[in-house]
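Subject: Structure handover

Hello,

Here is the structure I promised to pass on. My notes on what was found follow below it.

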Amino acid sequence: MSATVMERADRGSTALSRLGGFLGYLLVGAFFGLVMTKSEAISWFRIQEMFRFQSFHMYGLIFTAVGVAALSLFVLRRTGARALTGERIVVPPKELGRGYRYWIGGTMFGLGWALTGACPGPLFVHLGRGVSVILVVIASAVLGTRLYGHLRPKLPHY
Amino acid sequence: MVEFLSRPWPWYVAGPLIGLTVPILLLLGNRMLGISSNFRHLCAAVSPGRSEFFRYDWKRVGGWNLVFALGLVLGGYLGGVVLASPDPVAISAATVADLQALGVEDFSGLVPSDVFSWAGLFSLKGFVMLVLGGFLVGFGTAYAGGCTSGHAISGLADLQPASLIAVVGFFIGGLIGTFVVLPLIF
């Protein structure tokens, strides 16, 4: 295929490619959820263990995940890889400024993470496990995001 | 085979697999792993209100991620029901002792059953942990622009200073939660 055709590749333009996209993301999500469950990363007990620095398990999990991801990003960039959709793989940088949003938002999330023993991913995973009360946690999280959206113009970010 | 896969997976197997999700999503459609934005997409889809933050084409920007989240639910079923481990989580004895001192009694599941239940929701600790905790997860990740997957994994892998700050924040918050708030409410 010529470069211009690749550049103009329309994401999800045909029903088949849309179905393929749907199945692809569904499968990767299922894979991610499966690994999170079997590695116990979704366990409130494991998160407590992590914040108490009483085991290497969660740290090993995160470090190796970051390591593999970092290596992959390096390879993808070096080879000028393109996605199946045809576009060049590009990761936009995050604006830093003074970092207020990362300090404050990060701390707020961390507090929630210790209390629920779950970050966003595990919340959806628990649903699949049958922990129906997690619907309340998800609903509360959505409300939290909603309030943030409302307060956003008044909050320090950068 | 099922019995073998049902045993808990070690971090050196699971970690790399989680890490691989990053290039897989990039190759699939130039998508960056980051689950917290799903809360934003759900707001945009259900109730955007007047906030500019929720006024975007959530189907185009976030459709893939909502499908990914649906996948997470399936993965939870696969890993937590089909391949469920019958044994309790093998956390350290020190953690068990600490949590027992806190008041946790049931260590048999992945989460403490007296809190993570509809009945538990109506206790002080259940309400604080589930409702307030959930609220903080939603507000905090939206404010910080990412969660563990978005900042700790994707962001750090991309060597983003912003993500390093976010992760430090995660830990400060987590320590406050663990050593200050939990003892107060349990």
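Start with one residue: Ala44(B) sits in helix H3 (residues 37–46) of chain B. Helices here are DSSP runs (H or I, at least four residues), strands are runs of E (at least two), and both are numbered from the N terminus.

This is a predicted model, where local features need pLDDT of at least 70, side-chain atom pairs count only at pLDDT 80 or more, and totals for chains, interfaces and linings use all residues. Residues are numbered from 1 along each chain as its sequence is written, while chains are lettered from A and ligands numbered from 1 in the order in which they are written.

Back to Ala44(B). Is Ala44(B) buried or exposed? It is buried, because 24 other C-beta atoms lie within 10 Å. (Buried takes 20 or more other C-beta atoms within 10 Å of the residue's own, exposed 12 or fewer, partly exposed anything in between; C-beta atoms are placed from the backbone.) Leaving out residues up to four places away in sequence, Ala44(B) touches Phe54(B), Tyr56(B) and Trp58(B). Contact means C-beta atoms, placed from the backbone, within 7 Å. Val137(B) is 93 residues from Ala44(B) along the chain, and their C-alpha atoms are 18 Å apart.

Now chain B as a whole. It has 8 helices and 0 strands. Its C-alpha trace spans about 45 × 45 × 35 Å along the principal axes. Of its 186 residues, 53% are buried. Among contacts with a separation of 6 or more, 51% join residues 24 or more positions apart. Mean pLDDT (the predictor's confidence in each residue, from 0 to 100) is 97 for chain B, with 100% of residues at 70 or more. The model scores ipTM 0.97 and pTM 0.95.

Next, the interface. In chain A, 102 residues are in contact with 111 residues of chain B. By class, that side of chain A has 57 nonpolar, 33 polar and 12 charged residues. (Nonpolar: Ala, Val, Leu, Ile, Met, Phe, Trp, Tyr, Cys and Pro; charged: Asp, Glu, Lys and Arg; polar: the others, Gly among them.)

One helix pair to look at: H2 (residues 15–38) of chain A packs on H4 (residues 58–82) of chain B at about 45°, with axes 6 Å apart. (Axes are lines fitted to C-alpha atoms, for helices over the stretch in contact; angles run from 0 to 180 degrees between N-to-C directions.) The contact of H2(A) with H4(B) involves 18 nonpolar, 9 polar and 1 charged residues.

Best wishes

Note on methods. Two residues are in contact if their C-beta atoms, placed from the backbone, lie within 7 Å.
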